[in-house]
Amino acid sequence: MAVTNLKLNNGQQIPQIGLGTWLIKDESECKKAIKVALEAGYRHFDTAQYYANEQFVGVAIKESNIKRQDIFITTKISIDNFLPSRVIPSFEKSLEKLQTDYVDLLLLHFPVTKLRHTAWKKLEEIHRSGRAKSIGVSNYTIRHLKKLLNECEVKPAVNQVEIHVFLQQPKLLDYCKQNDIVVEAYSPLVHGRSMNNETLMAIAKKHNKSTAQIMLRWCVEQDLVVLPKSSNPGRIKENIQIFDFRLDDIDRTTLAQLDDNYHSSWDPTYVP
Ligand code: NAP
């Protein structure tokens, strides 16, 4: 079944699954992963300045000969480039590496104290120039979003945060929904560490799916964009086979009980 799209607050469509590329640092690994992903039906790729692989993502997409407008590319401004003098020049380097004249989505990678306010102004400038169709943030809590919404001219279209069945973040999801901000789930597979969880395995068995597919389907049913990373051809294909089944009420109730607020990577809760 086809991948569904969500609509951003500016009308732009975003495919509900994207291939995460963090830790894919090798050119041949990256090119192969993107080739397999495109063949499997992915049309959305999530990279970042920090991942040091924008140039490989760019080559792989170019070599696919798929029209640029049919692919959704996200990149992120690295923490080192938040100074007002650096945001736009660093973004221009990203465009060069990605071999494109625009990105579909440009994010601030982290709510860097103080600098994030001027960095957002620069993102607005980039957006107005047409070189980022949408702009958004990553790792923002409700507190960070409230401040941004009070002072921005362009509302963030997206907030990319860690979300999975062990970190469900219901308050943040509600807040984003109320403010028309799409939430993207990063590390939706908890880095592959929870595949033997018995509750997940039981639900997977019932649906004849894998544990990973249950974790990803849960995200899709929360109206999230989900960004699993894999560079393994079999797992890349497996991870997109999540649009042909539904969780039922019992699954949802069971999965709700797995939430234990487990942050597997950086936790922005106390960032001023
Ligand atoms: P993840 O997607 O939760 O997990 C990736 C790990 O799970 C890899 O080791 C992968 O190994 C394994 N895996 C993938 N599919 C699997 C499957 N079907 N069965 C078993 N294992 C599987 O972790 P992530 O990379 O942290 O997050 C995903 C993406 O979110 C990143 O790549 C990045 O694009 C984004 N992200 C953003 C931020 C941010 O601050 N904005 C932070 C973290 C991540 P193989 O490759 O060997 O399959």
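Which residues come nearest to the ligand, of the 29 around it? Keep that question in mind while you look at the structure. One caution: this is a predicted model.

Here is the answer. D46, S187, K229, S230 and R235 come nearest. The ligand has 29 residues around it in total.

What kinds of residue make up that shell? By class, there are 11 nonpolar, 13 polar and 5 charged residues. Which helix gives the most to the shell? That is helix 9, residues 233–240, with 3 residues.

Start with R235, already named among the nearest. A polar atom of the R235 side chain sits 2.6 Å from a ligand oxygen. Next, H109. Its side chain has a polar atom 3.3 Å from an oxygen of the ligand. Then Y51. Here the ligand uses a nitrogen, and an N or O atom in the Y51 side chain is 3.4 Å from it.

How much of the ligand does the protein bury? On its own, the ligand exposes 900 Å². The protein buries 88% of that. And the space the ligand takes is the largest pocket.

Let's move to one residue, E221. Find helix 8, residues 211–221; E221 is in it. What does the E221 side chain touch? One partner is the side chain of R217, in a polar contact at 2.7 Å. Another is the backbone nitrogen of L247, which the E221 side chain reaches at 2.9 Å.

Now set aside the neighbours within four places in sequence. E221 is then in contact with F245, R246, L247 and R252.

Notes
Residues numbered from 1 in each chain as written. Predicted model: local features only at pLDDT ≥ 70, side-chain atom pairs only at ≥ 80, totals over all residues. Heavy atoms only, no water. Helix = DSSP H or I, 4+ residues; strand = E, 2+ residues; numbered from the N terminus. Polar contact = N/O pair within 3.5 Å; in protein donor to acceptor, adjacent residues only side chain to side chain. Contact = heavy atoms within 4.5 Å. Near = heavy atom within 4 Å. Areas by Shrake-Rupley, 256 points an atom, 1.4 Å probe, with all protein chains shown as cover. 1 Å grid on protein atoms, 1.4 Å probe; cavity = no way out; pocket = protein on both sides within 12 Å on 5 of 7 lines; lining within 4 Å. Sits in = over half its atoms within 2 Å of the grid points. Nonpolar A, V, L, I, M, F, W, Y, C, P; charged D, E, K, R; others polar.
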